[in-house]
Amino acid sequence: MRLDRGPTASFKDFAARLMGRWMQYYLKKENRKMLILTATSGDTGSAIANAFYGLDNIEVVILYPTTEVTDRQRKQMTTLHKNISVISLDGKFDDCQALVKMAFSDHDLDHLGLSSANSINIGRLLPQAMYYIYAYSRLAQSENDEIVFSVPSGNFGDLMGGLIAKKMGLPVKKFVIATNSNDEVPKYFNEGFYKTIVPSINCISSAMNVGHPSNMARIISLYGGVMDEKGNIIKQPNLDLLKNDMFAVSVTEEETRKAIKMMYDKHKIIIEPHGAVGWNGLQKYYANVGNDGDLAVCLETAHPAKFPKEINEIIGIDPELPDSLKELDDKEEKMTRLKNNYSDFKKYLLNR
Ligand SMILES: *Cc1c(COP(=O)(O)O)cnc(C)c1O
């Protein structure tokens with residue numbers, strides 16, 4: 001299921017756009033304004049910027065680490081203007097996130113109406129339930145058909161959408177949760193023992209380099225358990241039920257590359273690293289339980305042209321850019337460069 005056809009060629013477009021419009025609707029109705037603060041290592045920022053661009057009653061400030069985003073990711077944020085402001089921070093992604101967190105807890109800024117748009121927001125999860133239902137509606141021959149979804153996962157927001165769809169009645173036989181080498185969740189499923197990975201491991205499926213998924217506490221609670229903010233399990237969920245619904249598996253870098261190569265050699269289809277993790281995860285599920293011919297859908301979460309270097313190394317092809325990404329090059333960029341300290345950031349927010 002190609003979820004990469006939106007304006008920033010990421011599955012995140014889907015939920016971010018709907019959430020932005022929901023927010024605009026209620027803000028207008030209640031005559032309120034909101035300032036969204038987002039720290040990004042690249043992809044989330046561009047999806048949020050694009051989704052909120054031009055909306056009424058909402059301003060967006062995005063912080064990215066100056067040296068840690070690609071030219072294209074940066075241009076996707078800095079060429080929009082209007083209600084989208086961008087800060088290039090002399091620091092790392094964690095510094096961006098730390099400044100945003102400080103701003104949220106600073107009462108001097110209460111009057112700005114600060115809010116976030118990250119993937120634990122229910123406004124991002126609900127729209128994501130829809131494409132699971134849509135896929136089933138296209139593929140099922142009868143109401144008795146069951147379906148398997150393979151979901152390449154980082155913060156587990158995409159998966160949460162699927163779990164919500166299942167709770168609403170979608171006959172999902174199994175969610176295959178495919179992670180890269182950040183395997184804290186597959187380990188937990190197999191051993192019942194959860195340990196965050198700090199710092200997270202760098203893999204080519206970079207949007208899934210997450211050592212403690214922000215939706216993990218929610219999934220645990222959905223199955224009757226309790227997890228605290230730091231990732232300690234206070235009460236175990238019903239692991240049997242959890243494993244009945246989900247099969248979690250970790251995919252190595254080598255397996256990711258092999259999946260991209262196989263898919264191209266055999267089917268002439270170009271997939272990118274995140275989708276490749278999902279594809280390999282599904283093969284591992286079949287190796288484990290057998291393939292009994294059930295419907296199965298793999299989610300492809302980004303466009304291959306966003307990973308030109310990796311794709312070229314693996315299959316020797318430069319994937320063609322989708323139109324939405326092509327137009328960026330000639331546009332004017334605007335951003336504010338800030339040093340990594342809170343007082344400068346606070347001044348910026350108060351004076352804008
Ligand atoms: C964000 C992202 C993911 C992971 O989605 P989660 O909801 O965080 O699990 C996978 N692939 C791509 C391309 C992404 O940008």
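For the residue classes used here, Ala, Val, Leu, Ile, Met, Phe, Trp, Tyr, Cys and Pro count as nonpolar, Asp, Glu, Lys and Arg as charged, and the others, Gly among them, as polar. The structure is a predicted model, in which local features need pLDDT of at least 70 and side-chain atom pairs count only at pLDDT 80 or more, while totals for chains, interfaces and linings use all residues. Residues are numbered from 1 along each chain as its sequence is written, and side-chain values use heavy atoms, with hydrogens and water left out.

Grid points are joined across faces, edges and corners, and a volume is the space filled by probe spheres set on the points. The second largest pocket has a volume of about 210 Å³. Its lining consists of Met-1, Arg-2, Met-263, His-267, Ile-269, Ile-271, Gly-275, Trp-279, Cys-298, Leu-299 and Glu-300. By class, seven of these lining residues are nonpolar, two are polar and two are charged. Helices (H or I, at least four residues) and strands (E, at least two) are DSSP runs, numbered from the N terminus. At least two lining residues of the second largest pocket come from each of helix H10 (253-267) and helix H11 (273-289).

A salt bridge is defined as a side-chain nitrogen of Lys or Arg within 4 Å of a carboxyl oxygen of Asp or Glu, and by this rule the model has 21 salt bridges. Within helix H10, Asp-265 and Lys-261 are four residues apart, about one turn of the helix, and their side chains meet in a salt bridge of 2.7 Å, N to O. Exposure is given as relative accessible area, with buried under 20%, exposed over 50% and partly exposed in between (1.4 Å probe, protein chains only). Asp-265 is partly exposed at 44%, and Lys-261 is partly exposed at 39%.

Asp-106 forms a salt bridge with Lys-346, the closest N and O atoms lying 3.0 Å apart. This pair links distant parts of the chain, 240 residues apart, with Asp-106 in the loop between helix H4 (93-104) and strand S4 (114-115) and Lys-346 in helix H14 (residues 342-351). Both Asp-106 and Lys-346 are buried. In the salt bridge between Arg-32 and Glu-30, the closest N and O atoms are 3.0 Å apart. Arg-32 is partly exposed, with a relative accessible area of 41%, and Glu-30 is partly exposed, with 45%.

Surface patches are made of residues with over 30% relative accessible area and no salt bridge, like charges being joined within 9 Å and nonpolar side chains (Val, Leu, Ile, Met, Phe, Trp, Tyr) within 5 Å. Accessible areas come from the Shrake-Rupley method with a 1.4 Å probe, and for residues only the protein chains shown count as cover. Phe-14, Met-130, Ile-133 and Met-168 make a nonpolar surface patch of about 370 Å². Of these, Met-130 is located in helix H5 (residues 122-139) and is partly exposed, with a relative accessible area of 42%.

Ile-84 lies in strand S3 (residues 84-90) and counts as buried at 6% relative accessibility. Its C-alpha atom is separated by 7.8 Å from that of Phe-52, 32 residues apart along the chain. The loop between helix H3 (71-78) and S3 contains His-81, whose phi is near 65°, a positive value in a residue other than glycine. His-81 counts as partly exposed at 21% relative accessibility. Lys-82, in the loop between H3 and S3, has a phi near 50°, also positive in a residue other than glycine, and counts as exposed at 65% relative accessibility. Most residues other than glycine have a negative phi, and most peptide bonds are trans.

A cis peptide bond joins Val-198 and Pro-199, with omega about -10°. Pro-199 is placed in the loop between H7 and H8. Ile-201 is found in the loop between helix H7 (184-191) and helix H8 (216-222) and is partly exposed, with a relative accessible area of 36%. The C-alpha atoms of Ile-201 and Met-19, 182 residues apart along the chain, are separated by 30 Å.

Methods. On a 1 Å grid over the protein atoms alone, a cavity is a set of points where a 1.4 Å probe fits but cannot get out, and a pocket is an open set with protein on both sides within 12 Å along at least five of seven lines; lining residues have an atom within 4 Å of a point.
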